[in-house]
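Open the model in your viewer and keep the selection panel at hand. This tour goes stop by stop: what to select, then what is there.

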Amino acid sequence: NDKSAPPHLTAFRGYKAGMTHIVRGVDRPGALMHKREVVDAVSIVETPPMVAVGIVGYVETPSGLRTLTTVFAEHLSDEFKRRCYKNWYKSK
């Protein structure tokens, strides 16, 4: 954790969708496999679009971080609101 760095996204959701292989050329002088092709296994990660819904501000206290304020977006889609309710059809 670099305190001099600006605030940034610390996580991103992704799902492993599968695996495949690639053929790549090795370009390391002095290596046994220099200028040869190597087959490597790779993972395919599916990342759905992400929408910011809100931001939480924290304050550092002697006993740790404490929530200062929470700001939610002004316009939330019906898809998001539907996920927040257990019984969406009864909430209207």
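Through how many residues does a hairpin join β3 to β4? The hairpin that joins β3 to β4 runs through 2 residues.

Two notes on the ground rules. This is a predicted model, in which local features need pLDDT of at least 70 and side-chain atom pairs count only at pLDDT 80 or more, while totals for chains, interfaces and linings use all residues. Residues are numbered from 1 along each chain as its sequence is written, and side-chain values use heavy atoms, with hydrogens and water left out.

**Stop 1: the whole chain**

Show the cartoon. The protein has 1 helix and 4 strands. Helices (H or I, at least four residues) and strands (E, at least two) are DSSP runs, numbered from the N terminus. Along the sequence the order is β-β-β-β-α. The radius of gyration is 23 Å, well over the 12 Å that the globule rule gives for 92 residues, so the protein is more spread out than a compact globule. That radius is taken over C-alpha atoms, and the globule rule is 2.2 Å times the number of residues to the power 0.38. Along its principal axes the C-alpha trace spans about 65 × 45 × 25 Å.

Now colour by accessibility. Buried residues make up 3% of the 92 residues. Buried means under 20% relative accessible area, exposed over 50%, and partly exposed in between (1.4 Å probe, protein chains only).

**Stop 2: β3 and β4**

Select residues 54–61 for strand β3 and 64–72 for strand β4; the two pair in the antiparallel sense over 8 bridges. Two strands pair if DSSP finds at least two bridges between them. Click threonine 61: its bridge partner in β4 is glycine 64. Then click isoleucine 55, whose bridge partner in β4 is valine 71.

Stay on β4 and pick leucine 65, which lies in this strand. Is leucine 65 buried or exposed? Leucine 65 is exposed, with a relative accessible area of 64%.

**Stop 3: β1 and β2**

Select 15–26 for β1 and 36–46 for β2. These strands run antiparallel, joined by 11 bridges. Valine 26 stands opposite arginine 36 in β2. β1 is hardly covered: of its 12 residues, the count of buried ones is 1.

Which residue forms a salt bridge with arginine 24? The partner is aspartate 40, with the closest N and O atoms 2.4 Å apart. The pair links distant parts of the chain, arginine 24 in strand β1 and aspartate 40 in strand β2, 16 residues apart. A salt bridge here is a side-chain nitrogen of Lys or Arg within 4 Å of a carboxyl oxygen of Asp or Glu. By this rule the count comes to 1. Arginine 24 is partly exposed at 35% relative accessible area, and aspartate 40 is partly exposed too, at 24%.

**Stop 4: the loop between β1 and β2**

Aspartate 27 sits in the loop between β1 and β2. Aspartate 27 is exposed, at 61% relative accessible area. Its C-alpha is 9.4 Å from that of glutamate 37, which is 10 residues away along the chain.

Move to lysine 35, in the loop between β1 and β2. Lysine 35 has a positive phi of about 60° although it is not a glycine. Most residues other than glycine have a negative phi. Lysine 35 is exposed, with a relative accessible area of 69%.

**Stop 5: the second largest pocket**

Select Val51, Ala52, Val53, Ala73, His75, Leu76, Ser77, Glu79, Phe80 and Arg83, which line the second largest pocket. A pocket is an open set of points on a 1 Å grid over the protein atoms alone, where a 1.4 Å probe fits, with protein on both sides within 12 Å along at least five of seven lines; lining residues have an atom within 4 Å of a point. The volume of this pocket is about 290 Å³. Grid points are joined across faces, edges and corners, and a volume is the space filled by probe spheres set on the points. By class, the lining has 6 nonpolar, 2 polar and 2 charged residues. Ala, Val, Leu, Ile, Met, Phe, Trp, Tyr, Cys and Pro count as nonpolar, Asp, Glu, Lys and Arg as charged, and the others, Gly among them, as polar.

**Last stop: after the helix**

Select tyrosine 85, in the segment after α1 (78–84). Tyrosine 85 is partly exposed, with a relative accessible area of 45%. Its C-alpha and that of proline 49, 36 residues apart along the chain, are separated by 21 Å.
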